[in-house]
Amino acid sequence: MAHEIKVRFPPSPTGEWHFGNVRTFVFNYLFAKKNQGEIVLRFEDTDSARNKPGADLSQIEILKTLGLDFDEGPYYQSQRKEIYKKELQRLLAEGKIYEAEENQAGTGKIIRIKNPERDVVWIDLIKGKTKISSTSFKDEKGNSDFIIARSIDDPLYHFTVVVDDFLMGITHVLRGEDHVTSTPRQIIILEALGSEIPLYGHFPTILGENKKKLGKRNGAVPVREYLEQGFLPEALLNAISLLGWNPGDEQEIFTKAELIEKFSLEKVQHHPAVFYGDKLDFINKEHLRKLPLEEVFLEILKRLPEKMQSNKLVKKILPLIFERISKWGDINTLLSNKEFDFFFEEPAYQKELLICDERMRKGVALDHEKVVEHLKEISKLLSDVSDFNYEKIKESVWEYASKEGRGIVLWAFRVSLSGKEKSPDPFLISEILGKEETLKRIDDATKL
RNA sequence: GGCCCCAUCGUCUAUCGGUUAGGACAGCAGGUUUUCAAUCUGUUAAGCGGAGUUCGACUCUCCGUGGGGUCACCA
């Protein structure tokens with residue numbers, strides 16, 4: 001029999017996914033793809049009270065946007081009740097489980113499984129040999145026969161998971177560390193079922209900045225929000241994969257294909273990783289750089305306001321925007337800081353700003369005349385430039401600026417064009433604005 | 001608290017007994033012919049503590065400490 005590998009990802013449709021959830025899917029996915037295996041998606045929705053309508057669909061949507069897919073499913077446990085009932089009846093008949101007192105809801109008898117009370121041992125694919133005594137799940141009455149169904153029609157999580165894993169032929173159960181202690185229960189049920197025991201692997205938890213398990217209640221940002229902030233799906237995938245795993249070499253930027261190729265369970269960490277968003281920007285920027293330039297410009301363009309989009313200058317500004325962002329959402333920040341408005345409208349000057357040295361600005365009156373002199377000279381020099389491009393512009397004023405002091409001259413030149421304390425250099429702005437507009441702005445600045 | 005797991009720079013991590021303990025992010029400093037951005041270079045910063053084992057421990061063992069997970073008729 002061939003070594004077919006089949007893994008599963010069983011979310012409950014109760015809310016939005018964060019990095020923790022997706023990471024579990026990703027590791028399963030990577031492991032399956034790497035080993036020519038299959039991955040099945042199965043919604044664990046037996047607790048109808050907790051289910052959120054539509055959550056399943058939005059979870060699948062996230063998978064899709066991240067470029068992830070699954071080979072089988074989605075299954076819904078709520079639609080498989082008959083299957084669980086049959087297994088329950090079978091086990092009942094075999095005497096491996098039994099009905100006990102009334103359940104809390106008063107709707108029938110609960111079902112317990114006979115606990116062999118022994119050490120349950122498995123070789124965890126990540127943690128190594130793990131041993132937990134099944135006597136450890138005694139309830140307050142000292143009963144270690146744990147409950148697997150509220151009634152014959154109402155199976156509980158541990159039972160449904162295991163039945164499904166059994167029936168679906170799951171070979172590897174790869175999940176978060178939070179499931180370690182429930183593994184012995186599941187093995188005991190599996191044994192009662194007469195199933196083969198799959199291989200288990202438990203990933204360490206992802207911790208929030210407060211070093212507590214990442215979760216809805218603990219700083220976990222839905223993946224959707226990262227998408228909305230304009231992170232690239234492939235960068236997100238890259239970052240998620242690096243949470244608790246690394247290939248052992250120094251590569252940090254991966255495409256999906258590279259991740260599949262390099263992934264291995266052996267390289268998964270044994271200790272929890274604290275998730276700081278810091279590196280995400282970096283990773284995204286790297287992925288941004290790999291995109292074709294036209295595509296990048298198109299993406300930037302469509303995030304610009306109408307009036308900029310239609311302006312002739314916009315094309316020349318696109319590269320400036322690109323080098324200032326690490327994700328699409330940063331464009332909004334640039335925009336709301338009015339970083340580039342001066343290209344499209346007359347800058348609002350502040351007389352003092354024309355003076356480069358902050359300390360000197362107090363004595364404006366004195367220095368201002370000098371600055372105006374410089375500006376006038378620059379204007380004169382520029383008007384002689386015929387081929388108005390970056391190099392020529394620079395050439396024309398360079399000598400003068402060097403002689404008079406580059407700081408004071410070039411600063412004034414730049415501010416006369418942008419009106420801003422911080423902006424791209426004056427040669428670049430001049431080229432973009434064009435000769436006429438450049439001269440006009442310099443002229444305006446001298447009249448302050 | 002019981003049980004399970006873990007422990008290298010602020011963060012993510014490399015190292016599978018012998019290294020000046022490496023890289024990346026962040027930080028800082030400097031260059032890049034004015035500022036910002038980008039870029040280049042440099043730089044700060046780590047083996048939790050204590051016993052062993054060994055010629056030699058970050059690496060192996062034990063104890064302590066610290067951190068995490070988990071203890072439902074939830075999933």
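Predicted model: local features only at pLDDT ≥ 70, side-chain atom pairs only at ≥ 80, totals over all residues.
Residues are numbered from 1 along each chain as its sequence is written, while chains are lettered from A and ligands numbered from 1 in the order in which they are written.

Q36 lies in the loop that leads from α1 to β2 (38-43), and it has its positive phi although it is not a glycine. Most residues other than glycine have a negative phi, and most peptide bonds are trans. Q36 counts as exposed because 10 other C-beta atoms lie within 10 Å; a residue is called buried with 20 or more other C-beta atoms within 10 Å of its own, exposed with 12 or fewer, and partly exposed in between, the C-beta atoms being placed from the backbone.

Helix α1 covers residues 19-34, and its 16 residues should span 22 Å at 1.5 Å a residue, which agrees with the 21 Å between its end C-alpha atoms; the expected span is 1.5 Å times one less than the number of residues. The helix is mostly covered, since 15 of its 16 residues are buried.

The loop between β1 (6-9) and α1 holds S12, which counts as partly exposed because it has 19 C-beta neighbours inside 10 Å. If neighbours within four places in sequence are left aside, S12 is in contact with F43, E44, D45 and R50, where contact means that the C-beta atoms, placed from the backbone, lie within 7 Å. S12 and D56 are 44 residues apart along the chain, yet 7.9 Å separates their C-alpha atoms.

## Other backbone details

K211 is another residue that is not a glycine but has a positive phi, of about 65°. It sits in the loop between β12 (206-207) and α6 (223-228), and it is exposed, with 9 other C-beta atoms within 10 Å. Helix α5 (residues 183-193) has buried residues, among them P184, R185 and Q186, and it is followed by G194, whose phi is positive, near 85°.

The peptide bond that leads from G73 to P74 is cis, with omega near 5°, and P74 belongs to strand β3 (residues 72-76).

## A sheet of four strands

Four strands form an open sheet in the order β4-β5-β8-β9, with antiparallel pairing; two strands pair if DSSP finds at least two bridges between them. The edges are β4 (97-102) and β9 (154-155), each of which pairs on one side only. Strands of a sheet pair through backbone hydrogen bonds, either parallel or antiparallel.

Four bridges link β4 with β5, and one of the residues concerned, Y98, has R112 in β5 as its bridge partner. In the hairpin of β4 and β5, six residues lie between the strands, and there G106 takes a positive phi near 70°. Strand β5 (residues 109-113) is joined to β8 by two bridges, with I147 in β8 as the bridge partner of R112.

## The surface near RNA strand B

There are 58 residues around RNA strand B, and E44, Y157, K213, H271 and D425 come nearest; a residue is near the strand if its C-beta atom, placed from the backbone, lies within 6 Å of it. The elements that give two or more residues to this surface are β7 (128-133), β8 (147-151), β13 (273-274), α9 (278-290) and α17 (406-418), and α17 gives the most, with five residues.

The surface divides into 19 nonpolar, 17 polar and 22 charged residues, where nonpolar means Ala, Val, Leu, Ile, Met, Phe, Trp, Tyr, Cys and Pro, charged means Asp, Glu, Lys and Arg, and polar means the others, Gly among them.

## The chain as a whole

Chain A contains 19 helices and 13 strands, and of its 448 residues 33% count as buried. Among contacts between residues at least 6 apart in sequence, 72% join residues at least 24 apart.

Taken along the principal axes, the C-alpha atoms of chain A fill a box of roughly 100 × 45 × 40 Å. The radius of gyration of chain A is 32 Å, whereas a compact globule of 448 residues would have one near 22 Å; this radius is taken over C-alpha atoms, and the globule rule is 2.2 Å times the number of residues to the power 0.38.

Definitions and conventions
Contact = placed C-beta atoms within 7 Å.
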